[in-house]
2 protein chains.
Amino acid sequence: MRIVIDAMGGDNAPAANVEGALLAAKEWKDTEIVLVGDETAIAPYLGNERPGNLTVQHASEVITSDDEPVRAVRRKKDASMVVAGRMLREGSADAMISAGNTGALMTTGLLVVGRMHGIERPALAPMIPTIDDKGMLALDLGANMDAKPEHLAQYALMGSIYRQKVQGIERPRVGLLNVGTEPGKGNELTKVAYPLLEKLPIHFIGNVEARDILTGTCDVLVCDGFAGNILLKSVEGAAGAIFALLKEQFSSSLKTKLAAAMLMPELRSLKGKLDYKEHGGAPLLGLSRLVVKSHGSADANAIKNAVRQARIAIENQLVESISKEITGK
Amino acid sequence: MRIVIDAMGGDNAPAANVEGALLAAKEWKDTEIVLVGDETAIAPYLGNERPGNLTVQHASEVITSDDEPVRAVRRKKDASMVVAGRMLREGSADAMISAGNTGALMTTGLLVVGRMHGIERPALAPMIPTIDDKGMLALDLGANMDAKPEHLAQYALMGSIYRQKVQGIERPRVGLLNVGTEPGKGNELTKVAYPLLEKLPIHFIGNVEARDILTGTCDVLVCDGFAGNILLKSVEGAAGAIFALLKEQFSSSLKTKLAAAMLMPELRSLKGKLDYKEHGGAPLLGLSRLVVKSHGSADANAIKNAVRQARIAIENQLVESISKEITGK
């Protein structure tokens, strides 16, 4: 199998991306890793011991985080991200990984890689951390702000297959993000989506409330991009504010300072637990090939882990399985 | 002025409601307090020293938290909540307070009290706690799941006037809940609402993100009921999960247990800070008279505080001010 890594995307590019590619190439000899990006920028990080299964594909341009997604993908035809996407479309690679501009990666998915037949809206599906450490795959989170009920049904199906194929959960529990657990609850979108989800060949557990997300109430959380964004950022903001307050209160006197120092390791581990950056790359589901979005601040290990994810997905024929369920063929 | 209290609504009714009414009647001699509910249930809590400005209006029925709102309001014509609403409509009281079934109170507002001329959708506006202790008035939170852009504009106007008139903020900062701070961001609803909010006679500060809510980024937060619910419950859930985890981790060894014991007062004060139940009653804005929703678990003090809120609103002609802005008369 062949996995392409966008060498130029992300805050730590190209260093972290190249180091991650090296780690992956050394660990999985059966996997060809292709680094796409500026050869001269990549070379210093490659060193002398380049593994035989790692190659570099030159690309002269870079899409930055400030670029307007659609315009950048259309104009920068030799950008590392776009070149990687083209390799997927042409069938010369099975998956791509990028830590670059999320909007541009979505656009590359839509305009360069191409949608899967039968899918109207591909979805971005990051893992939301839960306190039981199992995490929850949430989709859509940011690819499309508005959704129709049929889109939510496709998200549910794709998310369920992903957790089965890539994470080995036999019967993933799928929940619909809503304002109450009773079936009749919600806005126009979720009210119409509910019966659609009931009819799917998935383990639909009904509506789930935002307050139960962190306790791991389901394995796949279905929502439109707007509601998903509000959820993720609320949790992020609440956790950040609480830790900041704790720090402030704990340093208010010598007594509490000493006590807090003793608890610091526990506090740090808790903070790490709730950091969604730690929870692997987010697949972009519903494209003709697998695209994985690594976090913008991904380090070498995060890139390597994204390769691991992609490998499992390819081995277990994730894209083919989704396509089969969607088209019925 | 005359303020009606639903004696039978809430988890601690009628005890807390009657005690709260007594506290309020004693503190504000110029205010007539009317307790509406079952006379025989109310009597034991009233005691012998009933203040001259406190009266009881008998109502034989009660709407419970399990009642289906619309049906209950239509059928239980002698329910305490409905009788109180009728007093507002007939002009025999200036405001009502209830800790009962939220949906039923909304329905009472719409069907019994009646909307303000020019308002399509009344909004429920609770205070979301912020770490600067100033709180943020958020609307709509639960009255209507879906909203049109024009509704959001009316929420913005009503919320701004409320914070001005009742909480004395001279120039309340009004923010639109969104997925990014740039003007073009969002779903179809917020994209269309943004320019409408810009045209209003308010201090519109633009889009605000869910992650900045707890730090008090604005005084009035405008959102549809669905997004607002997701926001509020995410914050609630995240805070709950983090405190539970802290407790668990802090009791993992004798050392951390001792340290945690020293920090307990700080932790408790932090928890109280983030408890939105502590932050007063939520006005239902856009009705022809003021309706205040007290939290279901309201105690006597919370009921008294709701009376304080209602008094200030009446003194400062909140309803008249909103009506003037909406109708331009």
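**Figure 1. B:Gly135, a buried loop residue.** B:Gly135 counts as buried, at 4% relative accessibility. The model shown here, as in every view below, is predicted. B:Gly135 sits in a loop of chain B, between strand S6 (127–128) and strand S7 (136–139). Setting aside residues up to four places away in sequence, B:Gly135 touches B:Met127, B:Ile128, B:Thr130, B:Arg163 and B:Cys218. The view also takes in B:Val220. This residue is 85 residues from B:Gly135 along the chain, yet their C-alpha atoms are separated by 9.1 Å.

**Figure 2. A:Asp133, a residue with positive phi.** A:Asp133 belongs to the loop of chain A that runs between strand S6 (127–128) and S7. Its phi is positive, at about 70 degrees. A:Asp133 has this value although it is not a glycine.

Figure 3. In chain A, the bond from A:Leu139 to A:Asp140 is cis. Its omega is near 5 degrees. A:Asp140 is placed in the loop between strand S7 (136–139) and H6 of chain A. In chain B, the bond from B:Leu139 to B:Asp140 is cis, with omega near 5 degrees. B:Asp140 is found in the loop between S7 and helix H6 (149–165) of chain B.

Figure 4. Is A:Cys223 buried or exposed? Its relative accessible area is 3%, so A:Cys223 is buried; the cut-off for buried is under 20%. A:Asp67 is 156 residues from A:Cys223 in sequence. In space, the two C-alpha atoms are 27 Å apart.

**Figure 5. Helix H6 of chain A.** Helix H6 of chain A covers residues 149–165, 17 residues in total. From its first C-alpha to its last, the helix reaches 25 Å. That is close to the 24 Å expected at 1.5 Å a residue. How many residues of H6(A) are buried? The count is 14 of its 17 residues, and H6(A) is mostly covered. An α-helix has 3.6 residues a turn, so residues three or four places apart point the same way.

**Figure 6. A:Leu105 in helix H5 of chain A.** A:Leu105 is part of helix H5 (residues 102–113) of chain A. Its relative accessible area is 1%, and A:Leu105 is buried. Which residues does A:Leu105 touch, not counting those up to four places away in sequence? They are A:Met81, A:Met96, A:Ser98, A:Leu284, A:Val291, A:Val292 and A:Lys293. A:His295 is 190 residues from A:Leu105 along the chain. The C-alpha atoms of this pair are separated by 12 Å.

**Figure 7. B:Thr107 in helix H5 of chain B.** B:Thr107 is found in helix H5 of chain B, residues 102–113. B:Thr107 is buried, with a relative accessible area of 8%. Its contacts, apart from neighbours within four places in sequence, are B:Pro69, B:Val70, B:Val73 and B:Val112.

**Figure 8. B:Gln317, between two helices.** B:Gln317 occupies the loop between helix H10 (300–315) and helix H11 (318–327) of chain B. Its phi is positive, about 50 degrees, although B:Gln317 is not a glycine. At 46% relative accessibility, B:Gln317 counts as partly exposed.

**Figure 9. Chain A as the setting for the close-ups.** Chain A contains 11 helices and 12 strands. Its radius of gyration is 21 Å, close to the 20 Å that the globule rule gives for 329 residues, so chain A is as compact as a globular protein of that length. Along the principal axes, its C-alpha atoms fill a box of roughly 60 × 55 × 35 Å. Buried residues make up 57% of the 329 residues. Among contacts in chain A with a separation of 6 or more, 69% join residues 24 or more positions apart. The accessible surface of chain A is about 13400 Å², and 47% of this belongs to carbon and sulfur atoms. Chain A has 38 positive and 39 negative charges, and their mean positions are 1 Å apart.

Terms used: Residues are numbered from 1 along each chain as its sequence is written. Chains are lettered from A and ligands numbered from 1 in the order in which they are written. This is a predicted model: local features need pLDDT of at least 70, side-chain atom pairs count only at pLDDT 80 or more; totals for chains, interfaces and linings use all residues. Side-chain values use heavy atoms; hydrogens and water are left out. Helices (H or I, at least four residues) and strands (E, at least two) are DSSP runs, numbered from the N terminus. The radius of gyration is taken over C-alpha atoms; the globule rule is 2.2 Å times the number of residues to the power 0.38. Buried means under 20% relative accessible area, exposed over 50%, partly exposed in between (1.4 Å probe, protein chains only). Contact means heavy atoms within 4.5 Å. Accessible areas come from the Shrake-Rupley method with a 1.4 Å probe; for residues, only the protein chains shown count as cover. Lys and Arg count as positive and Asp and Glu as negative; His and the chain ends are not counted. The place of a charge is taken as NZ of Lys, CZ of Arg, CG of Asp or CD of Glu. The expected span of a helix is 1.5 Å times one less than its number of residues.
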